[in-house]
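Dear colleague,

A summary of the findings follows it.

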Amino acid sequence: MAALKIANVNWQSKLNKAAHHTSDYSSTEAILRRGQAFNITLHLQTMVQSGDNFTFIASTGPSPAESQRTKAVFNLSEEGASGWSATQEPSEPGCLNFTIFSPANAVIGRYKLKLQIVSGNKVSSTLLGQFVLLFNPWCPNDDVYMANEKERQEYVLNDSGIIFQGLEKYIQQEAWNYGQFEEDILDISLAILDRSLNHRQDPAADVSNRNNPIYVSRVISAMVNSNDEKGVVEGKWNGKYCSGTNPLQWSGSVTILRKWYRGRYKPVRYGQCWVFAGVMCTVLRSLGIPTRVITNFNSAHDRNINLSIDKYVDISGKTLHLTEDSVWNFHVWNESWFIRRDLGSFYDGWQVLDATPQERSKGIYQCGPASTRAIKEGDVNLDYDSSFLFAAVNADYVTWIHYSNKRKERIYSDTRKIGKFISTKAVGTNSRVDVTANYKYPEGSLKERQVYKKALKLLAVRSTGKRTKITRRRRRSSVAWRQNMTQPTQKPSISGKLVLDASPVIGQDILLTLALRNLTSDFKNIRVKLRASAILYTRRPKAEILQLSRSVKLGSEEVKEISFKIAYSQYKNSLVDDRKILVTAVCETKQGASLLVEKDIVLQDPFLTIKVLGPTVVHKAVNVQVTFTNPLSEVVTDCVLRAEGSGLIKDQLRINVARMAPMESSTVQFEIIPYKSGTRQLQVDLVCIHFSDIKAFVMLDVAPA
């Protein structure tokens with residue numbers, strides 16, 4: 001009796017990809033989602049014998065084993081113990097059609113599928129091929145199931161997006177090319193899992209755990225930064241970026257991920273929070289986990305987790321680094337959608353993950369997943385890292401003046417400053433959605449304070465009930481602070497406000513007014529010390545720009561305005577790429593009362609306009625015209641215009657702009673040939689050593705060929 005011989009295997013690529021929502025992946029490989037049937041057809045060289053028995057074997061990882069759920073053995077028409085099954089469908093002569101079903105909790109990754117045929121006393125085994133199995137947000141039994149189709153389109157299938165940056169009062173849109181379906185990106189995402197510390201320590205156990213989005217997302221949060229495991233991106237927040245790329249110059253994840261992969265896993269220099277979040281969003285979406293990017297304005301970095309951020313300034317308004325706590329103008333992280341079998345159904349839904357290396361979690365720079373419900377309810381004892389993230393959105397902010405004799409004076413305490421306008425891109429549009437209510441109860445409400453006190457109490461005692469030295473120290477800090485807060489504060493005698501006279505634009509002078517008001521009927525003699533510093537978005541000062549002092553006399557309930565200017569010549573050599581300036585005014589009366597007034601300034605870029613000169617159709621060339629202006633009153637040279645966009649440009653386009661005269665406008669034209677239909681994001685970025693990047697984007701509706 002001749003053994004069954006297979007001529008070829010048809011993986012029904014188009015049919016399966018459409019059914020599994022994987023048609024966008026730029027790969028000829030079979031890419032499937034778990035918990036869902038797929039079809040294959042075997043074209044035979046010999047006929048099937050009536051006594052032939054078929055057994056399928058699906059395996060993944062370096063050491064497949066049924067006990068680890070990395071190997072499944074299943075016969076026709078009966079579900080194996082693993083949950084995998086196969087049925088034979090009607091077929092034409094010389095063919096065999098099979099429908100194969102994977103369980104909704106299958107391990108994700110690259111599989112081999114073998115067919116074992118028992119014919120009489122002969123056993124033969126044939127490798128049918130390989131396929132990649134992903135998480136399935138369309139499957140109700142999958143832990144990542146998302147019921148709303150529009151949300152699935154946004155959080156799984158959208159390959160571009162918006163990351164919000166700037167200040168709470170000046171929120172800016174920055175486009176980001178996620179590109180999760182671009183060539184190699186899925187392979188790179190799987191390689192990231194295989195390069196993890198967990199995989200190197202115990203490959204079999206690591207692969208076995210890849211059925212769990214909690215585990216997979218936590219591993220990715222560690223691997224996107226390079227701190228422990230030679231991961232994808234190396235962070236840098238100070239100094240020059242000569243040995244790498246300035247974080248502000250990245251416009252998407254594809255270039256970064258390919259550079260890491262093609263460079264033999266050497267970390268890509270450099271990233272900051274939005275880069276880590278953008279890359280992690282790409283990787284998690286490519287693996288099938290619904291993910292979005294979140295921006296938290298006035299984000300606290302509470303090193304000792306006592307839920308109080310102390311800021312110290314000297315009498316001239318200079319920030320003093322007497323604490324490791326800090327407040328960033330904004331911080332960017334991710335949320336992924338899945339259920340929490342480890343915590344209970346109350347904590348299902350959006351889970352916070354942060355790949356920016358700030359603090360170690362269980363010995364590694366990783367953060368999350370932390371349930372947004374746990375953060376909102378103050379359940380800071382729950383896995384993973386909910387206490388750190390609770391502080392990021394809900395710590396209290398206390399400002400002190402530190403005098404030369406080491407005496408310090410608490411100027412004010414603010415329970416509402418931290419965690420403002422927590423933002424993400426809307427479903428289906430580029431508008432901003434405020435999700436602050438997912439993280440905390442309304443500021444100033446009784447419930448918000450109750451949750452805060454609950455969190456303080458939980459942080460004071462470990463789950464074992466035993467106090468440690470660290471726990472006791474934290475508790476003393478919290479209690480001391482709370483006692484300070486209950487002490488009566490002196491009623492302020494003066495108030496002040498810093499106001500911009502006009503929108504600040506790079507290359508121009510900045511005009512400000514300090515308005516001071518006497519809140520009493522007494523005459524006041526006030527000494528004002530003004531300081532302006534170039535800062536990073538983390539609010540760390542980088543360079544001093546201006547210092548000046550004034551004496552102001554205020555009569556009974558009088559208001560006076562002090563106008564001053566920060567000239568372009570003063571800030572042009574000090575301003576870092578973030579284009580941010582912090583202005584502080586310390587106002588002191590002879591009676592000893594002090595007032596601190598602060599103003600964050602973001603210098604605006606000149607406009608860059610993009611015009612697409614014709615209809616956009618797949619595989620048809622169309623010209624794009626970009627117009628931009630040199631914002632400076634000096635000649636600039638060696639600028640580069642860059643363009644990218646998934647489905648529009650396969651590799652980043654670079655065009656040299658040799659010379660631009662002062663205030664000169666320039667136009668550049670280039671050609672794109674779209675290769676995917678649908679809504680696409682085209683990004684353009686003017687890079688120049690004389691000023692920070694000027695960026696713009698446009699959304700294009702690309703018609704099918």
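I begin with charge: the protein carries 91 positive and 68 negative charges, and their mean positions are 6 Å apart. Here Lys and Arg count as positive and Asp and Glu as negative, with His and the chain ends not counted; the place of a charge is NZ of Lys, CZ of Arg, CG of Asp or CD of Glu.

Please note that this is a predicted model, in which local features need pLDDT of at least 70 and side-chain atom pairs count only at pLDDT 80 or more, while totals for chains, interfaces and linings use all residues. Residues are numbered from 1 along each chain as its sequence is written, and side-chain values use heavy atoms, with hydrogens and water left out.

Overall architecture

The protein contains 13 helices and 37 strands, these being DSSP runs numbered from the N terminus (helices: H or I, at least four residues; strands: E, at least two). Its radius of gyration is 30 Å, close to the 27 Å given by the globule rule for 705 residues, so the protein is as compact as a globular protein of that length. The radius is taken over C-alpha atoms, and the rule is 2.2 Å times the number of residues to the power 0.38. Along the principal axes, the C-alpha trace spans about 110 × 70 × 40 Å.

The annotated site

An unreviewed UniProt entry lists Cys273, His331 and Asp354 under "active site"; such annotations may be inferred rather than shown by experiment. The three span 82 residues in sequence, yet no two of their C-alpha atoms are more than 9.8 Å apart, so they gather at one spot.

His331 lies in strand S17 (residues 326–338) and is buried at 2% relative accessibility. Leaving aside residues up to four places away in sequence, His331 touches Cys273 and Asp354, and its other contacts include Ile294, Asn296 and Gln358 (contact means heavy atoms within 4.5 Å).

Asp354 sits in the loop between strand S18 (349–353) and strand S19 (370–371), and is likewise buried, with a relative accessible area of 2%.

With kind regards

Terms used:
Buried < 20%, exposed > 50% of the residue type's maximum accessible area, 1.4 Å probe, protein only.
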